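Me: Got a model open here. Can you walk me through a few parts of it?

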Amino acid sequence: MDMPAQERLGLPVKRAEQRLMAAKHAAVRTAGLTVPQYAALLVLADNPGISAAALARECLVTPQAMTVVLRNLLASGLIERAPHQWHRTMLETHLTDAGREALRTADAAAVVIERRIADAFTAEERDTLRDLLVRFTEAI
């Protein structure tokens, strides 16, 4: 082995990601959502009318995966979709009142996790961690 296991960074990052996702799954389940559904609602709240393709990019999933997420959110009455005013082949996606309520419930639970993480670091350490994670990602 060219690099001892204790010097590798991939495993600790993966462990942190798995812990975060498990905690978020449990948190958003209180609103009857999955993490991908929660992510989509969160992005939609800030980008009403966004296309499915743009939503997929923002949520870091494939367009095919986003199609499934949107189909389930639509069936649950959490979103509504309608043709764009000028681009008739594009469907705009908007939150319904039920979608906004589900997002509020899920986000309240998710924010508890984010605050717990943030509280483990000083403001300067959080900024440093963000910068280091960007460098980590770019190095890949």
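What follows is a short chat about a helix, its salt bridges and a surface patch.

Reply: First, the ground rules. This is a predicted model, where local features need pLDDT of at least 70, side-chain atom pairs count only at pLDDT 80 or more, and totals for chains, interfaces and linings use all residues. Residues are numbered from 1 along each chain as its sequence is written, and side-chain values use heavy atoms, with hydrogens and water left out.

Me: How many residues does H5 have, and how far does it reach?

Reply: H5 has 23 residues and reaches 32 Å from first C-alpha to last. Helices (H or I, at least four residues) and strands (E, at least two) are DSSP runs, numbered from the N terminus.

Me: Which residues of H5 are buried?

Reply: Gly99, Ala102, Leu103, Ala106, Ala110 and Ile113. Buried means under 20% relative accessible area, exposed over 50%, partly exposed in between (1.4 Å probe, protein chains only).

Me: And what covers them?

Reply: The cover includes helix H1 (10-29), helix H2 (35-46) and S2.

Me: What sits between S2 and H5?

Reply: A loop that holds Thr96. Thr96 is buried, at 14% relative accessible area. Beyond neighbours within four places in sequence, Thr96 is in contact (heavy atoms within 4.5 Å) with Gly77, Leu78, Ile79 and Glu80.

Me: Switching topic. How many salt bridges are there?

Reply: Five. The term means a side-chain nitrogen of Lys or Arg within 4 Å of a carboxyl oxygen of Asp or Glu.

Me: What does Glu114 pair with?

Reply: Lys24, with the closest N and O atoms 2.6 Å apart. Glu114 is in H5 and Lys24 in H1, so the pair ties together parts 90 residues apart in sequence.

Me: Is Lys24 buried or exposed?

Reply: Lys24 is buried, at 13%. Glu114 is partly exposed, at 37%.

Me: What about Arg100?

Reply: Arg100 bridges to Asp97, closest N and O atoms 2.7 Å apart. Both lie in H5, three residues apart, about one turn of the helix. Asp97 is exposed at 60%.

Me: Last one. Which residues make the nonpolar surface patch?

Reply: Ile117, Phe121, Leu129 and Leu133, covering about 300 Å². Patch residues have over 30% relative accessible area and no salt bridge; like charges are joined within 9 Å, nonpolar side chains (Val, Leu, Ile, Met, Phe, Trp, Tyr) within 5 Å. Areas come from the Shrake-Rupley method with a 1.4 Å probe; for residues, only the protein chains shown count as cover. Leu133 lies in H6 (residues 123-139).

Note on methods
Expected span 1.5 Å × (residues − 1).
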